[in-house]
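Work through the exercises below with the model open. Try each task before reading its solution.

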Amino acid sequence: MSTFSRSSACACRPADAVLRRLRERGEAPGRARLDLTEQSLSLETCGALGRLLPGAAHLAEVALGDCGLSEDGVKLLLHGLCSNTTVKSLDLKGNNLRTTGAEALGKLLRQNKSIRSLILEWNSLGIWEEGFSFFCQGLGANNFLQRLDLRNNQINHHGAGELAMALKRNASLQELDLRWNNIGLLGGRALLNCLQSNKTLKKLELAGNNVPSDILKAVEQAMDHNQDRQTILSETQHRTCVLSKEILNLKDEKTKQFLDLMDTIDKQREEIARSGRISAGRVSQLQEALNEQHSIMNSLKAKLQMTEAALALSEQKVHNLGELLSATKQEQANMAERHFAELQQQKQEGADREGKLFRDLSASNEKNLFLRNQVDELEKKCKVQQDQLFQLKQDLTNTTAELKLRAVQAEERLEMEKRRFKQSLEDMESLRLKEVDHLTQHMEASERSLQDRVQRLEAIRIALEEELSQVKAAALTERGHAEEELIKVRNQARLDEQQRLEHLEEKLRLMTEARDEAQNCCLKQKQMVGEAQVKANQLSLHADGLRRRIEELQQDLNSKEQEKVTEVNKVKVELQEQIGHLQAERTAQEGLREKISVLERQLKVLSSNHREALLDKEGEISMLMEKLRMKEADISRMREEEAQRASILQNAIMAYVQGSSLGTHSLRK
């Protein structure tokens, strides 16, 4: 019972130690190291660790040295490590691994892709050739292991040959430690021959293997050659990385520049569209202002025609009134002569006719009253006509004031348009200065769009001119209708004046004063008409100036379009130059690549020369070794001869001594 408790206690202590180490790893996950050295692990603990290792994502190093692992335990542990992807270092020294351990290690090397360092010193992997050959096959299939320690593994020259075959296929191992094994001369030669095809191994330790010194020196030279080659390859890789980074940076810069150019082109397109819209709006505003001015001119012309017609009517009225006054004067003179003759006849007739005269005086008084009433009516009518003339004067003053206001408004609009045009010119100049830096090949599309817009604007201008011609034709037709209405009104006025003149034949004296006043009013109206004509001429000149301004603006637009075309051509030339620079850079990069290829060829030539030199040196070394063997054989033969001679001399001396001693003894007797 006591022995069972002791064995159970001994079995529990390693498990407790493993748990304690795992807890320490859990408490400090940053160390990522599982250290179980000198802990005797049972098969159950090995199985538990094998099941734990595939999911141990925090482990980077596993140390299982001097644990006394059994073959089955090692197999379980290594089976768990086959699917692990985080362990970088594995230490299995001092575990007396043999056939199954070697096979498990070969499987691990085939399947695992994370282990970089494997320590297997103080084991017995080289005792069984089959297991070690399986291990070497796994090593040849592995391309991730960088350091392998096989010290004190009883590897003979057959195992060294297997390792040499594996090293020929392996392209990742950089350090191999084979000290204190039984490789010998044949194994050393096999490893030296494999170094001709393996260029990645930098360090190979062969001390304590009974390998001749010349082979060790040749191995050291091969290692130096591999190190030099690795340094050259690293430098070339670094240079290629730097060149590729520079090329990528250049590509990124060029893509950024191209994207910036595209953004600027889009912005310029938007600005050009805005400027086109603004210019179209301004052109439409100017066209509307011109249409308004044309309508104002037409209305002024119509008013002038009306005033001219009214003046002609008033002149005709004045002329008719003058004729009527002359006729009334003649009739009054005739009436006075008749009255004088009648008075003479009445004086001659006598007093008989005085009663008749009194009667006639009463009748004349009645007639005078009637005539006075008619004169009052005529005076009222004259006042009405004066009021009408005053209203006409007021209408003329109002029209002149409206014309002045419209002219002032037109001048203000022109000033505002001038300011806007100046601002637009400044904006266009600033935009042009910005566009000089960022235009590209895509401006051809913008040029086409601008040409289409110019054609559309020209079509709009043609349509507006057609509308203007239609408006002018409509104005002419309206003018004809107005003239016809004026003729009708003139005829009606003539009829009305004839009817009025029939009633105004007796009171021409008062009409003379009205004539004078009408003449003064006519003179004033003529002055006003002259002023209106002068203003109309000024407005026509102003309209001509606006037309010229529009033509100048169109010329400026054409010049700006030409400048844009020249700038686009300049940008195209600059882009072509940049493309030429890029092509030159590409040619330079191709030259660098060719240089790199030439250097690689030179390296290959140097390596081939070095191999040939090594082969020559190996031949010389073999010749020297044969000479040394011959000399050693001669020396051994000389030594044997000298030994034989020494033995013969010794025998002779001994015989001589014995003979001399016997002679002396006999003499004494």
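Predicted model: local features only at pLDDT ≥ 70, side-chain atom pairs only at ≥ 80, totals over all residues.

**Exercise 1. Salt bridges elsewhere**

Task: State how many salt bridges the whole structure holds, then say which strands the pair Glu61 and Arg33 connects.

Solution. The search of the whole structure gives 11 salt bridges. One of them joins Glu61 to Arg33, with 2.4 Å between the closest N and O atoms. Glu61 sits in strand 2 (residues 61-63) and Arg33 in strand 1 (residues 33-35), so the pair ties together parts 28 residues apart in sequence. Now take accessibility. Glu61 has a relative accessible area of 32%, which means partly exposed. Arg33, at 37%, is partly exposed too.

Task: Is Asp149 buried or exposed?

Solution. The cut-off for buried is under 20% relative accessible area. Asp149 has 1%, so Asp149 is buried. Its side chain meets that of Arg151 in a salt bridge (2.8 Å, N to O).

**Exercise 2. The nonpolar cores**

Task: Name the residues with the most contacts inside the largest nonpolar core, and the helices that each supply at least two of its residues.

Solution. The largest core has 60 residues. The most contacts inside it belong to Leu105, Leu120, Phe135, Leu148, Leu150 and Leu178. At least two core residues come from each of helix 2 (43-52), helix 3 (71-82), helix 4, helix 5 (129-141), helix 6 (157-169), helix 7 and helix 8 (213-349). Zoom in on Leu105. With neighbours within four places in sequence set aside, Leu105 contacts Leu78, Leu92, Leu97, Leu118, Leu120, Leu125 and Phe135. Another core, of 7 residues, lies apart from the largest one. Its members include Leu286, Leu290, Phe421 and Leu546.

**Exercise 3. Positive phi in loops**

Task: Locate Asn96 and Trp180, then compare their exposure classes.

Solution. Most residues other than glycine have a negative phi. Asn96 is not a glycine, yet its phi is positive, about 55 degrees. Asn96 lies in the loop between strand 3 (89-91) and helix 4 (99-111). Its relative accessible area of 40% makes Asn96 partly exposed. Trp180 also has a positive phi, near 60 degrees. Trp180 is in the loop between strand 6 (175-177) and helix 7 (184-194). At 55%, Trp180 is exposed.

Task: Which side chain makes a polar contact with the side chain of Asn96?

Solution. The partner is Ser124, at 3.0 Å. Ser124 lies in the loop between strand 4 (117-119) and helix 5. Its relative accessibility is 6%, so Ser124 counts as buried. Beyond residues up to four places away in sequence, Ser124 touches Asn96, Leu97, Arg98, Asn153 and Gln154.

Note on methods. Residues numbered from 1 in each chain as written. Heavy atoms only, no water. Helix = DSSP H or I, 4+ residues; strand = E, 2+ residues; numbered from the N terminus. Buried < 20%, exposed > 50% of the residue type's maximum accessible area, 1.4 Å probe, protein only. Salt bridge = Lys/Arg side-chain N within 4 Å of Asp/Glu carboxyl O. Core = buried A, V, L, I, M, F, W, Y, C linked by side-chain atoms within 4.5 Å. Contact = heavy atoms within 4.5 Å. Polar contact = N/O pair within 3.5 Å; in protein donor to acceptor, adjacent residues only side chain to side chain.
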